[in-house]
Amino acid sequence: MKKTLKQILCLSIILLGITLQGIAKPILSGRKISFDDQWKFKKGKETNAKEVKFNDSDWRKLDLPHDWSIEDLVETPNDSIIGPFSKNAIGKNATAFTVGGTAWYRKHFVLDKTSAGKKVYIQFDGVYMNSDVWINGHHVGNHPNGYTSFIYELTAFLNPVGQENVIAVEVKNEGDNSRWYSGSGIYRHVWLNIVHPTHIENWGVQIVSNKVSEQSADIQITTNINNAQENLSLTSELYASTEKLVATNTVIVSNKSKMEQNIILKNPALWNIENPILYKAKVLLKQNGKVIDEYTQHFGIRNIHFDAETGFTLNGKNIKLRGACIHHDNGPLGAMAIDRAEERKIELLKKNGYNAVRFAHNPYSAELLDACDRLGMLVMNEAFDMWNINKTPDDYADYFKNWWQKDLTSWIQKDFNHPSIIMWSIGNEIPEIVDSLGYETSQKLGDFVRTLDNTRPVTAAIPFHIPLLKRKKWDATAPSFDALDVGGYNYGLQYYESDHKKFPKRVMVATEYFPPKALENWNAVEKNPYVIGTFSWAGIDYLGEGGIGLARLKSNTGKKGDGLMGEGFVETFMSPQWPIFNSYTGELDLIGNKKSASYYLDVVWRRSKIEMLVHRPIPTGYKEQTGFYGFPDELKSWTWTGHENDSLQVRVFTRSSTVKLELNGKVITEQTVPKGSITATFTIPYVAGKLVARCFEGDKEVASETITTAGKPFALRLKADRAIIKANKNDLAYINVEIVDEQGNVVPSEDEVLVKYQIAGNGRIIGVGNGNPRDMSSFQKPEKKVFQGKGLVIVRPTQKVGEIILKVEAEGLKSSILKIKSQ
């Protein structure tokens, strides 16, 4: 049949549209261009996947960041595989029974004509681990470390502008290489930098504030220039948080690869933890007066000082570090470092009283540090968990000798300008720390870090147990401490005072402590200025090291039970246990809810005058075991249906001298808080109603807390962290789901209700979770049981502006709908 011209044109347009769907939009030149979208992925050892003509048409399409270890292993769970967990995983409970392996990522892309004549660099913020990268079939590099960022120049291997390029990345998370959940894949952002042949190096601007006061600050800007030429000038413009230009400085470069500029800023707004005010520096590289490169860097103006007499001071004010150790995973999202997930982690810690975090035990994402800068969270930034000696058979120690200088360099260059960072830690619990090899290495690493940054002190975490394991005395640690500016003590409370007598100028910090010992450690901080703070293990539950903080039951006759008062088996606290996949040692649980240890800290840190917890009923014939890291299995609940008139343990945390308990309007018991303690422990019968704890100083009531028996489960309730989010894949909506009674009280006794999720509009569910360390069900299917009446669903918006509608249902309960706007 003869077609009309109009029909031919329409058909041509349709065919063109179909063709263009498979062609990437050309990438314009510029700095820090997101390279996260439209990758292809496949697990397995594809030997030819580095080749340009390799057929990847059937590979899965995805956007970065991505972590394959958090994804379900099989569609139908069985006795040994549930969700992302395998009973036969190499790392066992240490790595949360998750699976690594080898996988490939490929991306097809085209550069725009604006890229002609320019240099092209690719930046990977984090790949776990041992990655190899090819561009158009050319191998450009191998990077073993799974946590440090790295950059490759692609220029020489790119096809002419307008032609397709193919980048291929092989990721090998093989063997037993970690002591916690690492995740697998390209789990942080990837960027392109397309710049003039003469340009400011990536991470090439370093800003230091000297002579800082409220009246003035000397701002020193050091800029590194690649391929410096004649007729160059450098202009630095400083902008306040209001975007107002407050200072400018121009210097002639004249073929120099490094330039320093000094700007005296009058009446600066100082960065601190209460008002974390940030400035912006815009550095312009010009040739013959024309801008050929522009580099933007945020920074904060602040002064830090450490000594044994005044402790740690920020802008001249003494600050005692209320710190938490955290791992890098984001719970139900695995290792995926999505911007909002990183920010929320710091928001949760800040909300719960922390002013400092320790990155355990490797470098973290730039986005997490950005959040610390914005929110006012101090940071101990850590480099390594091992040096020369392996802790697991296939870990970073295999690469340390050849890579430590490269990794320390990229680490500090990337993170240098973050005002939140106050210390660099070169290692954690290093086995050789009490031997000559450790002495030499600690000095070598410390000196090298100081050549990269002499404005912050160097520390390391030295634990009490390594000398014991090596059959040496604690004094054997002295040479390693000598290499540090701040002495990091892991669980070393007993050595503070004796070490101070021997080394009166040593500044000390509890780089780790057992959560039940929070009071004793904080007393040491309040008493001794040379002990500048504490970092608990840990602030938030994390994937891996399964069950180290989990309470167990043990039969009075020797029979053993499982954690969380269930039935089954119990082994030693650090041994492989199935099905326990998270540490349960966090003060907050895996989805961010407060646990007993967090309420205890509120009183330790004097944020709260009273907190009351009730122990879960213990079956007859059993007693509870808790490890070094764990609190008893207690929660803020007076809802124990089926245990009427059973005796329950109630603990009240307070700094007051006397506590009285009142049940349904009647005082039933009182107790004097033991000297040196903040805990009053009671045993009372359970009767539904209202339990009140009142604390007194003499006859004066200081504070009280009430917990009330909840009614029968009635409905589901949804609460979003924010009603409006950005229409951007780097943002997320965190939505709490709660089972409530008719009066709106959470019913904390509900652990088995399965909640099902439905979503419509411009968003999709990317994670579901609860706080139960034994619930190995999928994090990605649109359903999950609650734990203690609570759950979480994480929604990721599309790029479209509009509405996201989430509906939740559970059998026998009133459903709920929540609407969120993305804009």
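The legends below describe close-up views of a helix pair and of cavities in a predicted model. Residues are numbered from 1 along each chain as its sequence is written, and side-chain values use heavy atoms, with hydrogens and water left out. Local features need pLDDT of at least 70 and side-chain atom pairs count only at pLDDT 80 or more, while totals for chains, interfaces and linings use all residues.

**View 1. Helix 4 and helix 5 cross at roughly 30°.** The axes of helix 4 (residues 400-415) and helix 5 (residues 436-452) come within 10 Å, helices being DSSP runs (H or I) of at least four residues and axes being lines fitted to C-alpha atoms over the stretch in contact, with angles from 0 to 180 degrees between N-to-C directions. The two helices are therefore roughly parallel to each other (angles under 35 degrees). Contact, meaning heavy atoms within 4.5 Å, involves F400, W404, Q405, L408, T409 and I412 of helix 4 and T441, K444, L445, F448, V449 and L452 of helix 5.

**View 2. The largest cavity holds about 190 Å³ of space.** A cavity is a set of points on a 1 Å grid over the protein atoms alone where a 1.4 Å probe fits but cannot get out, and lining residues have an atom within 4 Å of a point. Of the 20 residues that line the largest cavity, N330, G331, K345, I540 and L590 lie nearest its centre, and helix 2 gives the most to the lining, with four residues.

**View 3. The second largest cavity holds about 160 Å³ of space.** Its lining has 15 residues, with Y128, Y147, N177, M386 and Y396 nearest the centre.

Key. Parallel < 35°, antiparallel > 145°, perpendicular 65-115°, else oblique. 1 Å grid on protein atoms, 1.4 Å probe; cavity = no way out; pocket = protein on both sides within 12 Å on 5 of 7 lines; lining within 4 Å. Points joined across faces, edges and corners; volume = space filled by probe spheres on them.
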